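Trainee: I have a model open and want to learn how to read it. Where do we begin?

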Amino acid sequence: MWKYIKKYKLLFFISLLALLLVDFSQLLIPRIIGQIYDTLGEEGSFRFFLISGLKIAGLGLSVFAFRFFWRIFLIRMSRKVERDIRENLFYRLLTFSQHFFGKWNTGDLMARAINDINHIQRMFSFGIVSIFDAVVMGLMTLGFMLSYDVKFTLIAVSPLSLLTFVVLYFEKRIHRLSLLVQNRFSRLSTFVQEDFSGNFVLKSLNREEEEKNRFASVSRDYLDKNVRLGRIQALLHASITFIIAISNVLVIYVGGKNVINGITSKGDLIAFLSYLNMMVWPMIAIGFAINIHQRGRASLERVEELTGYKPVITDPPNPFLPEKKPETLSVEVRDLTFSFGEGAPILENVSLSIAPGETVGLIGRIGSGKSTLVKLLSRLLKTGDDTIFFNGVDINRYKLNDLRALISYVPQEPFLFSTTIRENVAYYDTSLDDEAVMEALRKADLSGTIEEMPAGLDTSLGERGVNLSGGQKQRMTIARAILKDAPFFIFDDSFSSIDTDTEERILTSLAPLFENKSVLIIAHRISTLRYADRIVVLDEGRIVEEGTHQELLEARGAYYDIFNRQKLEEKLGRE
Ligand SMILES: Nc1ncnc2c1ncn2[C@@H]1O[C@H](COP(=O)(O)OP(=O)(O)OP(=O)(O)O)[C@@H](O)[C@H]1O
Ligand SMILES: [Mg+2]
């Protein structure tokens, strides 16, 4: 914990000091009340009462002021710690790649980033106060009690030793249950996130009732774990209160006898009882401290589980630094074999090269490894050394930013942010002017559509661009890549939702841009590939054919089959 507080030492110690003053002022009050009690009915005691009253008022004021201070300082500190942890988590998540996001659910990550961090914040504010009060106020109260009577104090606090056992008994259970509660919350949040983002699927398959039931069961599970945690917490509080009650009984019994026998003054007994009851809060604070800390620590563990991950894809220690950003790029894949984890190879002995100014088409069946190849090219997936080279240099030797600056990549699944069209298209460089943005949209054959929109470039897109058609979304992401204008263009099946006429318009308008670019176009339709200088056919992770459209037709192999099948489908479609 200290590693998070360290940065805010000053705030931390000022608030502890304020806390100390609050506790100390509070503890002086019973002593004055005891004195008042003992002087009751004596001659000339009025002046004494008046002064005592003023003292109590002064102490009350100091409690008021310092309580205000510790709150603002400690809460400020805990909010800052919260921000640090959340930012650190976010920055960390930014460095992770598909290797990580493939395994983790968005809902779970959201739960950790929001709910768990709230528990951590509570640990750093009220958690600290409860520990402080439990320890410092507890000890100070004990000190005041001892100053009255040692034997008396021992009798009063002896039941409190039971507390050690109670605390030990509850601590572990609360920690374990807290982890479970947080884990169930993650499940709930994953469920909600998936059902809402997949609500089209859910509705079209009439799954509402089933999803209600499934949700009810996840939600019941969360409730159940929370109730169990609540039960244990209640038991802890109740046990503490019970132990205090035993102490009270003992003090009243022994103290009462002493007062009757004239050993102790009434005032002292009253003051002593006040102190004993002032022990209630530190005792309960132990309970709070345990709850808040166990929940907070459980949450911290969950957050640190994420921040503890090492990103798989990182900058190399001694990166290759090109003197200036290359204008053109020659791409070479050398005998690349790749598999996910221990699985069977997805790509096997793939060799491929693209020279500047060349457009290579890649075609292959569903699941043949096309997208995987492209992700390897942009280091979204990790590849071994000496398998992929850009301008003759192993891509693993580039800094990630330098490498990715070389690629204009249109991913297979168009992703749009819920901001304006302008911000989506000019995402790479928000300083670009409207003219440039419109030009890119024109090339992607979208300018007409945008002009028809009421707010033009300022039109807001819904989450993931829900208010656009599939083809519009694809063209939006094509425009984004055009605007980036890197030397290497990759289109991963980016024309699949675009009709052939529009596709032709787009590719024709891109021809001048592609003059000295290296271009890789992945497609299922042969029509998309007619602009390619060379076509590569991938099958089950292996390159089975390579050549121009004409050459491949003449070879009468896999490409020829695809060609005939598509021609037949087209003919059937027309009839
Ligand atoms: N993260 C992953 N973990 C494990 N296997 C994966 C992962 N991503 C893809 N695969 C597997 O790798 C194979 C190739 O997938 P890939 O996405 O490269 O195919 P593709 O050629 O792009 O297919 P499509 O034409 O449908 O886009 C598939 O069999 C798929 O199941
Ligand atoms: Mg794919």
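**Reading the fold**

Mentor: Begin with a sheet. Four strands make an open, antiparallel sheet, ordered β2-β1-β4-β5. Its edges are β2 (347–354) and β5 (393–394), each pairing on one side only. Keep in mind that this is a predicted model.

Trainee: Over how many bridges do β4 and β5 pair?

Mentor: Two. Strand β4 covers residues 388–390, and its pairing with β5 is antiparallel. For a residue-level view, take Phe390, which stands opposite Val393 in β5.

Trainee: Which strands of the sheet does α12 touch?

Mentor: For packing, look at contacts and then at direction. Helix α12 packs on the sheet and touches β1 (331–338), β2 and β4. The direction of α12 makes about 60° with that of β2.

Trainee: Which helix gives the most to the shell around ligand 1?

Mentor: That is α12 again, residues 370–377, with three residues in the shell. So read a ligand site by its neighbours and by what supplies them. Here 13 residues surround ligand 1. The closest are Phe340, Gly367, Lys370, Ser371 and Thr372.

Trainee: How do the residues of that shell divide into nonpolar, polar and charged?

Mentor: Three are nonpolar, eight polar and two charged.

Trainee: Now strand β6. Which of its residues lie on one side and which on the other?

Mentor: For a strand, check each face in turn. Strand β6 runs over residues 407–410. Ile407 and Tyr409 lie on one side, Ser408 and Val410 on the other. All four are buried, and both faces of β6 are covered.

Trainee: In what sense do β6 and β7 pair, parallel or antiparallel?

Mentor: Parallel, over four bridges. Strand β7 spans residues 488–492. The bridge partner of Tyr409 there is Ile490.

Trainee: Let us step back to the whole chain. How many helices and strands does the protein have?

Mentor: 20 helices and 10 strands. The radius of gyration is 36 Å, whereas the globule rule gives 25 Å for 575 residues, so the protein is more spread out than a compact globule. The box tells you about extent along each principal axis: the C-alpha atoms fill roughly 120 × 50 × 45 Å.

Trainee: What share of the residues is buried?

Mentor: 34% of the 575 residues. Then look at sequence separation. Among contacts with a separation of 6 or more, 79% join residues 24 or more positions apart.

Conventions:
Residues numbered from 1 in each chain as written. Chains lettered and ligands numbered in written order. Predicted model: local features only at pLDDT ≥ 70, side-chain atom pairs only at ≥ 80, totals over all residues. Near = placed C-beta within 6 Å. Nonpolar A, V, L, I, M, F, W, Y, C, P; charged D, E, K, R; others polar. Pairing = 2+ DSSP bridges. Contact = placed C-beta atoms within 7 Å. Axes fitted to C-alpha atoms, helices over the stretch in contact; angles between N-to-C directions. Rg over C-alpha atoms; globule rule 2.2 N^0.38 Å. Buried ≥ 20, exposed ≤ 12 C-beta atoms within 10 Å, placed from the backbone.
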